[in-house]
Structure formats: C-alpha cells, structure tokens
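Welcome! Have a look at the sequence and the structure below, and then work through the exercises one step at a time.

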Amino acid sequence: MPEHTHTGKEKQMYFLVFGGLLVFTVITVVSALYLKLPLITAVLLALVIASVKATLVGGFFMHLFSEKQIVYLFLGITFIFFLGLLTLPLAQHHGMLHGGQVLHSNKSGMDPSH
Amino acid sequence: MIPYTVESRDDTGLYNAKMGIWLFLASEMMLFGGLFSSYIMLRAGAFSWPVGASILNVPIGTLNTIILITSSVTMVLSWTALKERNFKRFRMFLGSTIGLALLFLVIKSFEYGAKFEHGLFPRSSTFMAIYFTLTGLHGLHVIGGIIVNAYFLLPGSRMWQREPERFTNRIEIAGLYWHFVDLIWIFLFPVLYLL
C-alpha cells in the first residue's frame, strides 16, 4: 500500500478520535453539572469517561494499540505501582492495613477547611 | 555515531529514544500518581470538600480541555506530515501545536489571576493548595513541551535535511510526551473542576 494512502487512513482515524474526545468532554461536563447524580456515581462516571478518553489518546495518538511488547511491560509494571500508590494510603486511612488506627487517631487534629 | 536512532534494536524492538521516552513517561505517571493519591487522601480525610464547579470556572476549564485535545491532534498530524515527506505541512501543524499550548497557558494565567484577585491562594484552603499544585505542575509540563517543540520547529528542524528518518522519530518522541501532557489534563479537569 502506498505511504500516502496509509497515512490518509491514519489521518481519518485521528479526526474520528478527535471527534470522540470532544463528545466525551461535553458528556463529562453535562453529566457533572446537570444530572445531579449522587457523589459516588458522579465520581465513577467521570472517571470512566476520563478513562475512555485516555484510552483513545493512548491507543491512537500514542499508538499503544500497535506498540511493542516491552512497552506494555513497562506500563504494566508502572500501573501496578500506580494502583498501589492510590489504594494503599486509602486502605491505611480506612484501617484496612495493620496500624491503620494511627492515622485515624490523628484525624481529629486535621482542619479540613484550612 | 549514536546507534539505534532510526533502526530498532533486536532485543527491544524499539529505537533507543522511544525506549527512553516510555521509561520517562512511566516515571511521570508515578509523579502525578503521588499527587493524585495525595488529593484522594486529603479529600477522604476532610470533613467537607467544596465542589470544584463552585470555585473554579468550568467554561474556561472546558475551553482549555478542548484546546489541549486539539493540540494533541495537530501534534500527531505534524508527525504524519513528516511521514508524507511534507515539511511545510509539518511546520504548520507543529506551529499550531505550540500556538495552542501558549493559548492554554494564557487562559490558565487569566484563571490564576482571577483567583488571586478573589483572595484565593494556595494557602487559602486544602482544595486551593492541591489545585495550584496539580495545575501548576501540569503547566510546567506544558512549558517544557513548548520549549521542545519550538526547538524542533526552528533550529532542530535542520536535521530534516540530513537525517529525515531520525528527525521524524524525534517528532514522534516529542508527540508521545505531548499526548501524555494532554492525558494528565483529561483526568485533572473532571477531578478538580467538576467533582
């Protein structure tokens, strides 16, 4: 296949992704401001939409859908540590880990508004 | 002569710069991950937390989101233009990417200015502290992207005459970084402005 035909299809795909990203941005704003969902539902919905947008950017613009195995390995390992970074402090906060009560005892000392 | 700037290594299947940028982006994920984790912890530990939309300007945030998404498209199109051997179009798209990035920063600076006028500083509240930290760090990344892209648009583009494949790879690398900056904003926008 000639190079220009190949890039022509690529460009078409990029514009489709661009359209998708714009639509999802509008959905994010409308759902957060006008649907009046309960907080947990709103958070989950916003994160799901953001993840879909991230998949579009990563998959198509960063070519992750057709990348080499070693890149998936890097990202897989990073994602595991990233999840740990997000979940372990929360688990500690909720007392799910050994010694979680230490953080709870400090809670009264926190001033949330400042 | 630096090896593997164009051809891929047998063991990784990647040219070296691509391997390097993915490792760098992995470290960036951990950097922003730490800050997102801090945000979650601060919010989970707070007795009350303001809805971002009640403090921040959502239409301005939405506009900046659209600007950054558009700049991602122009970035990838600049790389496609090089693959088509169309240097003029490459310059147009990369120039547009830089222009959009500058526009993003100008809008952001007006947003910051409005907050300062209303007496909202990082010290004002936990929410403002994490807002300025996250968007400030993201803004620094935008500035970094502008510097790199401006180099490739002007002095760095001389490489196109000597080593077009290597230059095309450089733009791919710059693009991967730029898309990552866009990707971070995709999460920052709903988390800070809407929830």
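This is a predicted model: local features need pLDDT of at least 70, side-chain atom pairs count only at pLDDT 80 or more; totals for chains, interfaces and linings use all residues.

Residues are numbered from 1 along each chain as its sequence is written, chains are lettered from A and ligands numbered from 1 in the order in which they are written, and side-chain values use heavy atoms, with hydrogens and water left out.

**Exercise 1. Describe the interface of chain A and chain B.**

Step 1: Start with the contacts, meaning heavy atoms within 4.5 Å. On chain A, 52 residues are in contact with 55 residues of chain B.

Step 2: Turn to area. The size of an interface is often given as the accessible area lost when the parts come together. Here the two chains, A and B, bury about 4600 Å² between them, with 80% of it on carbon and sulfur atoms; buried area is the accessible area (1.4 Å probe) that two parts lose on being put together, summed over both.

Step 3: Look for pairs across the interface of chain A and chain B. The rule finds five residue pairs in polar contact there, both residues at pLDDT 80 or more. A polar contact is a pair of N or O atoms within 3.5 Å; within protein, one must be able to donate a hydrogen and the other to accept it, and residues adjacent in sequence count only if both atoms are side-chain atoms.

Step 4: Find the helices involved. On the side of chain A that touches chain B, α1 (3–34), α2 (39–61), α3 (69–93) and α4 (101–107) of chain A each supply at least two residues. The most comes from α1(A), with 16 residues. Helices (H or I, at least four residues) are DSSP runs, numbered from the N terminus.

**Exercise 2. Find salt bridges that cross between chain A and chain B.**

Step 1: Apply the rule: a side-chain nitrogen of Lys or Arg within 4 Å of a carboxyl oxygen of Asp or Glu. It finds three salt bridges across this interface.

Step 2: Take Glu67(A) and Lys18(B), whose closest N and O atoms are 3.0 Å apart. This pair runs from the loop between α2 and α3 of chain A to helix α1 (residues 16–45) of chain B. Both Glu67(A) and Lys18(B) are buried, that is, under 20% relative accessible area, where exposed is over 50% and partly exposed in between (1.4 Å probe, protein chains only).

**Exercise 3. What does the salt bridge between Arg85(B) and Glu165(B) tie together?**

Step 1: Check the distance: the closest N and O atoms of Arg85(B) and Glu165(B) are 3.1 Å apart.

Step 2: Arg85(B) lies in the loop between α3 (58–83) and α4 (87–117) of chain B and Glu165(B) in helix α7 (residues 164–194), so the pair ties together parts that are 80 residues apart in sequence.

Step 3: Compare their surroundings. Arg85(B) is partly exposed at 49% relative accessible area, and Glu165(B) is partly exposed at 38%.
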